[in-house]
Amino acid sequence: MKICILYGTESGNSELVATDLFESLDDDHDVVLEDLADVDVASLEPTALHLIICSTHGEGDPPQSALPFLEGAKNTRVNLTGIRYAMFGLGDSTYVNYSRGSEHVDELLAGSGAERVGEYGRHDAASRDDASALAEEWARNVLETVPDLESASL
Amino acid sequence: MPDAIEAPVADWVSVDELLADPYPTYARLRRESPVAYVPQIDRYLITTFRECFDAELDQATFSAFERAERSPMIRAMGRPMLRKDDPQHKVERNAMSPALRPVAVKKHWAGIFRSNAAKHMAVVRNAGQGADLVKLFAVPYAADNLSAVLGFDDVDHTDMKNWSHTLIRGGANVTDDPAVWAETAIVCEEIDAAVERVLSKPFDSDNPSMISAMVRAGLPEDILRANVRLTISGGMNEPSHVIASAVWALSAYPDQRDLVLSGKRSFKDAFEETARFHSPIGMYPRRTTRDVEVAGVVIPEGATASIVVGSANRDDAQFDHPDVFDLNRESVSHLAFGNGTHICAGNWVARAMIGEIALPALYEEFPGLTVEDPRATNFRGWVFRGATALPVTWDGH
């Protein structure tokens, strides 16, 4: 099973969470880690599961590194039917539009025909939870809900 | 703004009282006039959490681009990114950010911070019971860490301390003391020489330091220098203050120390609560670009507004019993690092060097670490606040 961990980040927190997640999955799975800034929406693969870790900037905006991905997708209007992804958003509930940043990416993917699987994970910086630990737990649960990934890659 | 009224004048505010203990003044300001004009310092003080928070998210109205003639910081160090708005601020911040991101901290700096902690803890141990944790650990540890992140390999921590303290005095030189400007000029030359020594080495594209990151990004040298000075003025005092404040708080509130030592709360939690409780930077300025209504009163265009995060972090509208150090509070988000686009670029470095490394190392190396009489500790300052000295003891042999 191929897993693509993609992160959208502003100050680097999502990058760290994604990197920690990569290290926790790397032993048992075929995993790649990429910054959304380096990903073209048309290159998403139907045989992979995409785990997207994305923060929020300012009052609900997407983070800097997700912007080219969002722009590119808007311009190409690509059909993403058959693409599967799961979302994990980072935010701080002290802000209005808490955790909204990741939803921009979610809306774009869903609006282009991709299918979101598993729970929508969230980390709140106003809590005492460790973001990486929460993301690893979220990813384990997501992987359990996608039993057919193994065969899909054959 | 038909219903907005002129800002109340808080001429009762005493700068001496702010320096000694600003919290009673802050409490009265929040209660009576969350936005008040203070003639003694010619600034509009914003003291409540929500108003500080919202002002900082409105860069178009609360500009960081303070006029050079109103800013001793700019006179002391040139115009760093902290006194610019986006998009220019963002260009400079992005340039240095590869050195400050959490992944860089984990990969490049954590190991260096650990060995610096061990080095300076040995000095504390040699000094014995009653050693001053500020002078022998917090300051030299923060100074050496700062040198590493910047990319200096030949700067002694006593020089770094002098540079940092002098730039801070320059940045606060509102009385225009010529002696302070003279000292600042000398220190800027010394820092420039240290930067020059780094730049004259063969360029190593894998070097993780902040100076290398800024060179890679192609920042002009004058801008690079201004941001090195900014980092020196803000990258040593604040972490050293928080280290001392955290040990002080865990001594003054032994039940809270037990929560950490028993593992119910972490040293990272202790770091965040300390940053809220004793915010090392209490206030920063913004320039209003238009007449703006805040909490029902008008701040006129062209005024200097003071975002008093030291007060916002004690606002009972945001924090229950805010004047208590409490690791069990519900929301842990504070404004000690600011918020929005100017949120402290070094926040991940600070969190790691203190919450992940220094505090656990100190309590492991010195079981029973405590401040003998926390009530006797002298805290000083409101713009920058910290303990002037912190004699500590630990379980003896």
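Modeller: Take Arg77(A). Arg77(A) counts as exposed because 9 C-beta neighbours lie inside 10 Å. The cut-offs: buried is 20 or more other C-beta atoms within 10 Å, exposed is 12 or fewer, partly exposed is in between, with C-beta atoms placed from the backbone. This is a predicted model; local features need pLDDT of at least 70, side-chain atom pairs count only at pLDDT 80 or more, and totals for chains, interfaces and linings use all residues. Residues are numbered from 1 along each chain as its sequence is written, while chains are lettered from A and ligands numbered from 1 in the order in which they are written.

Colleague: What is the phi of Arg77(A)?
Modeller: Positive, about 50 degrees, although Arg77(A) is not a glycine. Arg77(A) sits in the loop between helix H2 (67–76) and strand S4 (84–91) of chain A. Helices (H or I, at least four residues) and strands (E, at least two) are DSSP runs, numbered from the N terminus.

Colleague: And Ala295(B), buried, exposed or partly exposed?
Modeller: Partly exposed, because 17 other C-beta atoms lie within 10 Å. Ala295(B) also has a positive phi of about 50 degrees, and is not a glycine. Its loop runs between strand S7 (292–294) and strand S8 (297–299) of chain B.

Colleague: Where is the cis peptide bond?
Modeller: Between Asp86(B) and Pro87(B), with omega about 10 degrees. Pro87(B) is in the loop between helix H4 (72–77) and helix H5 (88–96) of chain B.

Colleague: New topic. How do H1(A) and H6(B) pack?
Modeller: Helix H1 (residues 13–25) of chain A meets helix H6 (residues 102–127) of chain B at about 60 degrees, with axes 7 Å apart. Axes are lines fitted to C-alpha atoms, for helices over the stretch in contact, and angles run from 0 to 180 degrees between N-to-C directions.

Colleague: Which residues of H1(A) and H6(B) make the contact?
Modeller: From H1(A), Asn13(A), Glu15(A), Leu16(A) and Thr19(A); from H6(B), Pro102(B), Val103(B) and Lys106(B). Contact here needs C-beta atoms, placed from the backbone, within 7 Å.

Colleague: What does Cys52(B) touch?
Modeller: Ile46(B), Ile307(B), Val308(B), Val309(B), Ala312(B) and Leu335(B), leaving out residues up to four places away in sequence.

Colleague: Last one. What is the strand order in the open sheet of 3 strands?
Modeller: S5-S13-S10 in chain B, with antiparallel pairing. Strands pair if DSSP finds at least two bridges between them. S5 (131–132) and S10 (370–371) are at the edges with a single partner strand each, so one side of each has no neighbour in the sheet.

Key: Contact = placed C-beta atoms within 7 Å.
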